[in-house]
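Please look through the sequence and the model shown here before reading on. The text after them is an explanation in running paragraphs.

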Amino acid sequence: MDFKFSSRVPNVDNDVVGEILKVAGDPEIISFAGGLPAPELFPVKEMHEAADKVFEQHGAEALQYTAAIGNPHLRELIVERMQTNKEVTTTVDNVCVTTGSEQSIDLVAKMMVDKGDVILVEKPTYLCALDVFRSYGAKVVGVDMDEDGMKMDVLDEKLNEYPDAKFIYTIPNFQNPTGRTMTADRRAKMVELAEAHGVTILEDDPYGEIRYSGVAVPPVKHFDKNGTVVYMNTFSKILAPGMRLGWIVADKKFIDMFVVMKQSADLHSDNLSQFIVAQYMEDNDLDKHIKAISDVYYERASLMLKEIDEQFPAGVKHSNPEGGMFIWVEVPGNVNTMDLFNNCVKHNVAFVPGEPFYPDEVIPGTFRMNFSNMKADQIHEGVRRMAVAIDEMMN
Ligand code: PMP
């Protein structure tokens, strides 16, 4: 059958990332390519207990359809966390539960993007967000960043160049793929610029609470007094991605429209998952659990950075994340990281080349390494193998 797919459907002959992950999935390969939380840290027993309690106390209700905006108790718990952990004051009417941030990104793009519309993003940025934006026909424009996040002078230039830009998409904490964090000053400035230009900010914050060093910076949403920022977060990295639960916090007018769009996407997010997560949060200390995750990721990140410093050839640079799951590496010269990937695979080690993370212009010699799901011996041996492969490419 010759299917008449819409223009939204990507060219699957060109699924570079899929191919990379397939190769990296070979059990012989030490893979720094993935982006998975460490499964040994999932609170399996506590979630099991929460699930038992839900079935005992709310069984039929949890198995029924529910409202698109989400479980009222879970939304109350989210409102509390936004205040205590994020310095964002909000109400249950400003919160919608979602099927993970991936859905939040998709629905916001569906709500706001017409073919040809401009979206401004960090250069580089989360590649699945790029795929979503492009599927709605957006023209995605990159804004330069440095170790302190998106550069505000460049954002200002781009906003002047594209006055009709629909929104600015940012991952301010331990960004995927770079691990970089935007300073508080830049966050405040971003809100100021967005307001001056009448542009929405879409803030994606899945890693913010996985901070293992340095000082917490409040979200961009904290600096927003006029409803400019649509804030997204998720239980995927702080609890369990398989629950498929996230949330957005936004102006009531935005939430009302978001709920309409969500209703036609999936009616509501998994009701049973919502009950279980709310019960888990009632009965357990989620902050303590997040601290335990952060402690382990700190060990893994520190080891990977130490091994990179000791083993990679001179001139190789890397980001210094204070949290999250990723390190961004820059190899000097014009090394093609797709070729480097193929050479690393010959040495049974993998990463994700930088190219797919770039919205437009590609900076050569860059790539992403993940440490969250790697044990110490794998980090040590994998970095050693990569060092050999990089050395071969540089010489
Ligand atoms: N945004 C970013 C920056 C991510 O890294 C991810 C997960 N890799 C997501 C959104 C999607 O997360 P989820 O749908 O599991 O909440």
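The model is predicted: local features need pLDDT of at least 70 and side-chain atom pairs count only at pLDDT 80 or more, while totals for chains, interfaces and linings use all residues. Residues are numbered from 1 along each chain as its sequence is written.

The UniProt record, an unreviewed entry, places "domain: Aminotransferase class I/classII large" on residues 43-385. UniProt positions are given in the numbering used here, feature names are shortened, and annotations may be inferred rather than shown by experiment. Over residues 43-385 the chain is 45% helix and 16% strand, with 33 Å between the end C-alpha atoms. Helices (H or I, at least four residues) and strands (E, at least two) are DSSP runs, numbered from the N terminus.

Helix α9 takes part in two of the helix pairs. Helix α2 (residues 44-62) packs on α9 at an angle of about 125 degrees, and their axes are 8 Å apart. Axes here are lines fitted to C-alpha atoms, for helices over the stretch in contact, and angles run from 0 to 180 degrees between N-to-C directions. α2 and α9 are therefore oblique to each other; angles under 35 degrees count as roughly parallel, over 145 as roughly antiparallel, 65 to 115 as roughly perpendicular and the rest as oblique. α2 passes α9 in a right-handed crossing. A crossing is left-handed if the near helix is turned anticlockwise from the far one by less than a right angle, and right-handed if clockwise. Residues of α2 in the contact include E46, M47, A50 and K53, and those of α9 include N271, L272, F275 and D283; two residues are in contact if their C-beta atoms, placed from the backbone, lie within 7 Å. By class, the contact of α2 with α9 has nine nonpolar, three polar and three charged residues. Ala, Val, Leu, Ile, Met, Phe, Trp, Tyr, Cys and Pro count as nonpolar, Asp, Glu, Lys and Arg as charged, and the others, Gly among them, as polar.

The crossing of α3 and α9 is left-handed. H73, L74 and L77 in α3 meet Q274, V277, A278 and M281 in α9. This contact of α3 with α9 has five nonpolar, two polar and no charged residues.

Around the ligand there are 13 residues, of which G100, S101, E102, T234 and S236 are the closest; a residue is near a molecule if its C-beta atom, placed from the backbone, lies within 6 Å of it. Helix α4 (residues 100-112) gives the largest share of this shell, three residues. By class, the shell has four nonpolar, seven polar and two charged residues.

α4 also meets helix α8 (residues 252-266), where the axes come within 10 Å and cross at roughly 110 degrees. That makes α4 roughly perpendicular to α8.

Last come the backbone details. Most residues other than glycine have a negative phi, and most peptide bonds are trans. A cis peptide bond joins K123 and P124, with omega about 10 degrees, and P124 lies in the loop between β3 (118-123) and α5 (127-135). R244, which is not a glycine, has a positive phi of about 50 degrees.
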